[in-house]
Amino acid sequence: MPTSRRLEALGNGVFARTDRAKQAHRDKPGLPPLIDLSLGSTDLQPPDEIIRCMAAAMTDPASSAYCLEAGTAPFQQAVAAWCQRRFGVEVDPQRQVQLLVGSQEGTAHLPLAILDPGDHALLLDPSYPSHRGGLVLAGASICSLPLSQEQDWLPDFDAIRPELWDQLKLFVLGYPHNPTARVGNQELLDQAMARGCRHQLVIANDNPYVDLALEGEAPSLLRSPGWNDWGIEFFSLSKGWCLGGFRLAFAIGAEPLITALRQVKGVVDFNQSLALQQGAIQALTRWADWPRSLHGKYCERRDRVLSVLRGGGWSCPTPGMAMYLWLPLPADAGVRKLDDETFASHVLQHSGVALTPGSGFGEGGKGWLRMALVRPTDELEDAARRLVAAVP
């Protein structure tokens, strides 16, 4: 059956490819048991009160009905209050806040709302796959801003030609950064937002890890002058509140951008159930500081895994953001001419540990692997020992 050129350009996502590889590993007898560290889907549980709140609200008949935009008003008000407490920034809950079915959904839909086919858009390389995917679906002309270890995975805005800045309609970035687990800094987002205002360019910062910076303070576009003219920022309850499967997130941005995104969503989906929104309201109000309580656990996981890997001769940088290690291929892998996809396949087969190949996040991720610290510490140490033993 014929499919669209758009679908061909979209390609097969790295998470789908890895999922098929994991299933094949499970189905083949005699292989080591699987330890899945390929997804940022944490084993840590959210506060019990949030789940109880959702469960109680499920019995309300309104929770099983469609939720149109007017029904999201209490959630939007909770977001505005959270924003004031978290960043000291006042936002209009009706005009500058939008409920999302996960921040990935928002970053994928935004280009459809503001770009015409052929419009120029810029993204980081490497970057989270939905950033590129949304631009592909919108038919954008995609430009990449390469990141490198030598520059600590921070972008050099001066590397972009002045005439290209004038052509760009959208710049999608995300700090703290996935996959490299670098926190970034406020000056970086301030500079990006200043470029947006100067060139009348939309700046979109994907920020689901804002409360999971283990070192320093995470930056936010909402602290950058001009965000309410040309900026939009995406937040999620998936990571900080351990609610990934509930698909709860929101965007805060300039009124025209929120209006445009809302119009696209009005065609594509209804909003999340009111019962789930009730849980999100509890998270943002009564449990606003919950994400910071996870820092100690993630630090312990990070440090103990790095100790095992480094003890086995694997040179690994220390991440400043929770949840991930960004690992270069071991030297021996390069000698044997294994790329990151082949190496990830090799270690899955020989160790049972599933990692995400860095090239799945773009050309700039080639030669790297992402490990998600989403299992108990002892299990992560076991995985690290298996990985060291499986290096060819």
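The following legends describe close-up views of a predicted model.

**View 1. The largest nonpolar core.** This core has 93 residues. Those with the most contacts inside it are Leu37, Phe171, Phe250, Ile252 and Met371. Helix H4, spanning residues 73–87, gives the most to this core, contributing seven residues. Apart from it lies another core, of 19 residues, which includes Leu135, Phe234, Ala251 and Leu261. In soluble globular proteins, nonpolar side chains tend to be buried together.

**View 2. The surroundings of Phe171.** Phe171 is among the residues with the most contacts inside the largest nonpolar core. Its neighbours within four places in sequence are left aside in this view. Beyond them, Phe171 is in contact with Leu122, Leu123, Leu124, Leu145, Phe157 and Trp165, and also with Ala192, Leu201, Val202, Ile203 and Ala204.

**View 3. Helix H4 packed with helix H11.** Two packed helices are described by the angle between their axes and the distance between the axes. For H4 and H11 (residues 274–285), the angle is about 15° and the axes are 9 Å apart. The two helices are therefore roughly parallel to each other. H4 passes H11 in a left-handed crossing. On the side of H4, the contact is made by Pro74, Phe75, Ala78, Val79, Trp82 and Arg85. On the side of H11, Gln277, Ala280, Ile281, Leu284 and Thr285 take part. By class, the contact of H4 with H11 has eight nonpolar, two polar and one charged residues.

**View 4. Helix H3 packed with helix H11.** The axes of H3 (residues 48–57) and H11 come within 8 Å and cross at roughly 150°. H3 and H11 are therefore roughly antiparallel to each other, and their crossing is right-handed. From H3, the residues Glu49, Ile50, Cys53, Met54 and Ala57 take part in the contact. They meet Ala275, Leu276, Gln278, Gly279, Ala280, Gln282 and Ala283 in H11. The residues of the contact of H3 with H11 divide into eight nonpolar, three polar and one charged.

**View 5. Helix H12 packed with helix H15.** H12 covers residues 295–311 and H15 covers residues 377–390; they pack at an angle of about 25°, with their axes 9 Å apart. That makes H12 roughly parallel to H15. The crossing of H12 and H15 is right-handed. Glu300, Arg301, Arg304, Val305, Val308 and Leu309 of H12 make the contact with Thr377, Asp378, Leu380, Glu381, Ala384, Arg385 and Val388 of H15. By class, the contact of H12 with H15 has six nonpolar, one polar and six charged residues.

**View 6. Leu44 and its contacts.** Leu44 lies in the loop between strand S1 (35–36) and H3. With a relative accessible area of 11%, Leu44 is buried. Leaving aside its neighbours within four places in sequence, Leu44 is in contact with Cys242, Leu294, Lys297, Tyr298 and Arg301. Arg301 of H12 also takes part in the contact with H15. Leu44 and Lys239 are 195 residues apart along the chain, and their C-alpha atoms are separated by 9.7 Å.

**View 7. Two cis peptide bonds.** The peptide bond from Asp125 to Pro126 is cis, with omega near 15°. Pro126 has its place in the loop between strand S3 (120–125) and helix H6 (129–137). A cis peptide bond also joins Tyr175 and Pro176, with omega about 0°. Pro176 is found in the loop between strand S5 (168–173) and helix H8 (186–199).

View 8. Ala181 is not a glycine, although its phi is positive, at about 60°. This residue is in the loop between S5 and H8. Ala181 is buried, with a relative accessible area of 0%. Gln200 likewise has a positive phi in a residue other than glycine, with a value near 50°. The place of Gln200 is in the loop between H8 and strand S6 (202–206). At 54% relative accessibility, Gln200 counts as exposed.

Technical notes
Residues are numbered from 1 along each chain as its sequence is written. This is a predicted model: local features need pLDDT of at least 70, side-chain atom pairs count only at pLDDT 80 or more; totals for chains, interfaces and linings use all residues. Side-chain values use heavy atoms; hydrogens and water are left out. A nonpolar core is a set of buried Ala, Val, Leu, Ile, Met, Phe, Trp, Tyr and Cys residues joined through side-chain atoms within 4.5 Å. Buried means under 20% relative accessible area, exposed over 50%, partly exposed in between (1.4 Å probe, protein chains only). Helices (H or I, at least four residues) and strands (E, at least two) are DSSP runs, numbered from the N terminus. Contact means heavy atoms within 4.5 Å. Axes are lines fitted to C-alpha atoms, for helices over the stretch in contact, and angles run from 0 to 180 degrees between N-to-C directions. Angles under 35 degrees count as roughly parallel, over 145 as roughly antiparallel, 65 to 115 as roughly perpendicular and the rest as oblique. A crossing is left-handed if the near helix is turned anticlockwise from the far one by less than a right angle, and right-handed if clockwise. Ala, Val, Leu, Ile, Met, Phe, Trp, Tyr, Cys and Pro count as nonpolar, Asp, Glu, Lys and Arg as charged, and the others, Gly among them, as polar.
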